[in-house]
Amino acid sequence: MTILVTGGAGYIGAHVVRLLRQRGERVVVVDDLSTGSASRIGDEPLVRLDLAAPEAVAVLTDAMLEHKVAAVIHFAARKQVGESVAKPAWYYQQNVGGMANLVQAMENARVDRLVFSSSAATYGQPDVGLVTEDMAGAAINPYGETKVIGEWLGRAAGVAWGCRFVALRYFNVAGAGWPELGDPAVLNLVPMVLDKLELGEKPRVFGDDYPTPDGTCIRDYIHVLDLAKAHLAALDYLDQEERPHDAFNVGTGTGSSVKEVIDEIGRASGLDVTSEVLPRRAGDPARLVGSPELIEKTLGWRAEAGLSEIIASAWEAWQTGPRHIG
Ligand code: WQD
């Protein structure tokens, strides 16, 4: 069977494409290459398309029929929180409009399996030690709102025409499964610290006066290869007739502070990571760590890599990988 992967040329999508190929699945990638790169997907067929474009439903329907697509993994989306605050209508057009086109094409082509990239951003700023799946729907920015709505749409398609749907809510993804598939963007903590170090500048800590043990924010860092494996488990889950849950945290249940991450980067790289403390960044919750209990119990998936492996792989990819080609 063929799996259609939207955003398959991106950082996370390309890891999933590679795992699918290793498992012997056929793959077709749909990507507008605005942030992804065709070099990441080798010889896989590529449909170059903006999912939000007017012709997207027709193009996607044709691609699904032509390639005999059995299931879709949907990554393609805009994902910068700050940008979403500045351009909310565009985020809704891209993320909600694009997904609506995709789901319409699935209905047209009778493709009834969908794995959706959701986000811990659906939780907003929860005041708990471990976030559980029932707490979603409290997004505090347009990016997170588009992910909440994407989950609603997937469920509604299930009610309307039997779409089998599962949402994976990612926590803080980092690292690389293969050095050449490292994160080319400098938008999250790990690449931002590496970028500063490369420039000979001090890494920046956005606030050290949070109510956490060392005063810096705590997040749940997950290795991109572990995250990619969760998608294969989710696809298999959609084959089951009984599916008691349709949204899962993809986290480790272990939190690491900004300081701990920066120290780990210092250990992996051997560089001096003496940091500069800046004021808090707006909208950052003090702690966001996902309970992995439901996904472990239901999909039989659990994260294998800890922080040191995540950072070691990010460092290797940073030195040898493709970060400079957006
Ligand atoms: C992590 C921590 C920063 C850079 C965002 C999205 C979320 C998700 C992942 C989507 C925070 C601190 C950062 C730096 C720092 N999804 N920091 N110095 O904000 O947890 O989550 O990305 O695609 O939806 O909101 O991730 O990596 O930006 O920050 O101190 O140079 O590191 O303040 O506490 P975040 P992040």
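Lys68 is exposed, with a relative accessible area of 67%. Exposed here means over 50% relative accessible area, buried means under 20%, and partly exposed lies in between, computed with a 1.4 Å probe on protein chains only. The model is predicted, so local features need pLDDT of at least 70 and side-chain atom pairs count only at pLDDT 80 or more, while totals for chains, interfaces and linings use all residues. Residues are numbered from 1 along each chain as its sequence is written, and side-chain values use heavy atoms, with hydrogens and water left out.

Lys68 sits in the loop between α2 (56–66) and β4 (69–74). Helices (H or I, at least four residues) and strands (E, at least two) are DSSP runs, numbered from the N terminus. Lys68 is not a glycine, yet its phi is positive, at about 50°. Most residues other than glycine have a negative phi. Arg110 is another case: its phi is about 55°, and it is not a glycine either. Arg110 belongs to the loop between α4 (88–109) and β5 (113–119), and with a relative accessible area of 75% it is exposed.

Two residues at the buried end of the scale follow. Thr2 lies in strand β1 (residues 2–6) and is buried, with a relative accessible area of 3%. Ser84, in helix α3 (residues 81–86), is buried at 0% relative accessibility. The Ser84 side chain makes a polar contact with the backbone oxygen of Val81 at 2.7 Å. A polar contact is a pair of N or O atoms within 3.5 Å; within protein, one must be able to donate a hydrogen and the other to accept it, and residues adjacent in sequence count only if both atoms are side-chain atoms.

The lining of the largest cavity includes His74, Asn95, Phe116 and Lys147. Two or more lining residues come from each of α4 and α5 (142–161), and α5 gives the largest share, 3 residues. By type, the lining has 4 nonpolar, 4 polar and 1 charged residues. In this count Ala, Val, Leu, Ile, Met, Phe, Trp, Tyr, Cys and Pro are nonpolar, Asp, Glu, Lys and Arg are charged, and the others, Gly among them, are polar.

Strands pair if DSSP finds at least two bridges between them. β9 (residues 218–219) and β12 run antiparallel and are joined by 2 bridges; in one of them, Arg219 partners Ser256 of β12.

The ligand is surrounded by 18 residues, and the closest are Leu189, Arg204, Arg219, Arg281 and Asp284; a residue counts if one of its heavy atoms lies within 4 Å. Polar side-chain atoms lie 3.4 Å from a ligand oxygen at Ser119 and 3.0 Å from one at Asn172. For Tyr143, a side-chain N or O atom is 3.2 Å from an oxygen atom of the ligand.

Terms used. 1 Å grid on protein atoms, 1.4 Å probe; cavity = no way out; pocket = protein on both sides within 12 Å on 5 of 7 lines; lining within 4 Å.
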